[in-house]
Amino acid sequence: MSAYQVLITGANRGLGLEFAKQYAADGWNVLACCRKIESAHELKLLAAEHDNLQILALDVGDFKRIDALALQLKNQPIDVLINNAGVYPDSTFGDTNYDEWAEAFKVNAMASLKMAEAFVQHVAKSQLKKIATLSSKMGSIDDNSSGESYIYRSSKTAVNMVMKSLSIDLKPYGISFVTLHPGWVQTDMGGPNGLINTQTSVTGLRSVIENLSLENTGQFIAFDGKCIAW
Ligand SMILES: NC(=O)c1ccc[n+]([C@@H]2O[C@H](COP(=O)([O-])OP(=O)(O)OC[C@H]3O[C@@H](n4cnc5c(N)ncnc54)[C@H](OP(=O)(O)O)[C@@H]3O)[C@@H](O)[C@H]2O)c1
């Protein structure tokens, strides 16, 4: 059996970088995507240490680039595709920046569908056939007791629905889907007060992905394996 291959978006920092580190250390072929290779210093150091890690340019808001990358990687199996890239613009009632909302919607929600459309054949021809998206408990309508964060919350709620539909529509391809909540993590987005570090979060998320199958496809699961209400 050849080594598994994982594609990760937003792999230059935070959770994406930690995914790249852990999968590379485990001997997977890692396609580490980031939008600015020139400033992806930590990722470049990681690539220097691992022959099995390749850095690829990808801004997930650029759908033509997504298509071009899919073509560049044509005929390559992708066992696990991780939609990790995300943004969290501030948004408070009365001060909404609607352009930022449109951009966040593109990156956080639409890009996951676009990635599935562009890479469905790569994933379908792999051994594991899995697609995971980093969402957030903040996208759970059931869990929303504190309001605000209109832009971030709504974009994550939208991607939750996208993933659910994909899990139904792409079952015939043998592809399973999971929507992930990483916990509150110490990253640039999560800030220093996050409850867990990236190692703990990603170790848990990788275990969730490992346990993903067509039997449990289409769920919303946290890093600790617990199901989250939509
Ligand atoms: N940290 C948390 O507590 C937490 C909680 C719940 C969910 N999440 C989710 O987990 C994921 C990773 O979060 P994080 O904490 O690691 O965030 P982060 O430290 O802010 O990193 C975000 C990553 O996304 C990339 N990115 C943003 N826009 C992009 C675009 N248009 N194209 C390609 N890459 C783009 C960034 O690249 P640049 O360096 O180029 O900006 C960066 O690599 C996100 O989807 C986030 O919503 C995080």
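Predicted model: local features only at pLDDT ≥ 70, side-chain atom pairs only at ≥ 80, totals over all residues.
User: Why is Leu15 called buried?
Analyst: A residue is buried if 20 or more other C-beta atoms lie within 10 Å of its own, exposed if 12 or fewer, and partly exposed in between, with C-beta atoms placed from the backbone. Leu15 has 27 other C-beta atoms within 10 Å, so it counts as buried.

User: Where is Leu15, and what does it touch?
Analyst: Leu15 sits in helix α1; helices (H or I, at least four residues) and strands (E, at least two) are DSSP runs, numbered from the N terminus. Leaving out residues up to four places away in sequence, Leu15 touches Asn84, Leu134, Pro182, Val185, Thr187, Thr198, Ser201 and Val202. Touching, or being in contact, means that the two C-beta atoms, placed from the backbone, lie within 7 Å.

User: What surrounds the ligand?
Analyst: The shell has 28 residues, and the closest are Gly10, Gly14, Gly86, Thr187 and Gly190. A residue is near the molecule if its C-beta atom, placed from the backbone, lies within 6 Å of it. Helix α1 (residues 14-25) supplies the largest share of that shell, three residues.

User: How many residues of each class are in that shell?
Analyst: There are 11 nonpolar, 12 polar and five charged residues. Ala, Val, Leu, Ile, Met, Phe, Trp, Tyr, Cys and Pro count as nonpolar, Asp, Glu, Lys and Arg as charged, and the others, Gly among them, as polar.

User: What makes α4 a helix with a bend?
Analyst: The bend at a residue is the angle between axes fitted to the seven residues ending there and the seven starting there. At Ala118 in α4 that angle is about 55°. From first C-alpha to last, the 27 residues of α4 (98-124) reach 37 Å, close to the 39 Å expected.

User: What covers the buried residues of α4?
Analyst: The cover includes α3 (63-72), β4 (80-83), β5 (130-134) and α5 (150-169). Among the buried residues of α4 are Ala104, Met115 and Phe119.

User: Which residues of the largest nonpolar core touch the most other members?
Analyst: Of its 59 residues, those are Val6, Ile8, Ala11, Ala20, Val30, Ala32 and Leu81. The helix giving the most to this core is α4, with eight residues. To be a nonpolar core, a set must consist of buried Ala, Val, Leu, Ile, Met, Phe, Trp, Tyr and Cys residues joined through C-beta atoms within 7 Å. Beyond its neighbours within four places in sequence, Leu81 is in contact with Leu7, Met115, Phe119, Val123 and Ile131.

User: Why does Gln127 count as exposed?
Analyst: Gln127 has 12 C-beta neighbours inside 10 Å, so it counts as exposed. Gln127 lies in the loop between α4 and β5, and it touches Tyr4 and Asp79, not counting residues up to four places away in sequence.

User: Are Asn75 and Lys129 buried or exposed?
Analyst: Asn75 has 7 other C-beta atoms within 10 Å, so it is exposed. Lys129 has 22 such neighbours, so it is buried. Asn75 is in the loop between α3 and β4, with a positive phi of about 75° although it is not a glycine. Lys129 is in the loop between α4 and β5, and its phi is positive too, about 55°, although it is not a glycine.

Methods:
Residues numbered from 1 in each chain as written. Expected span 1.5 Å × (residues − 1).
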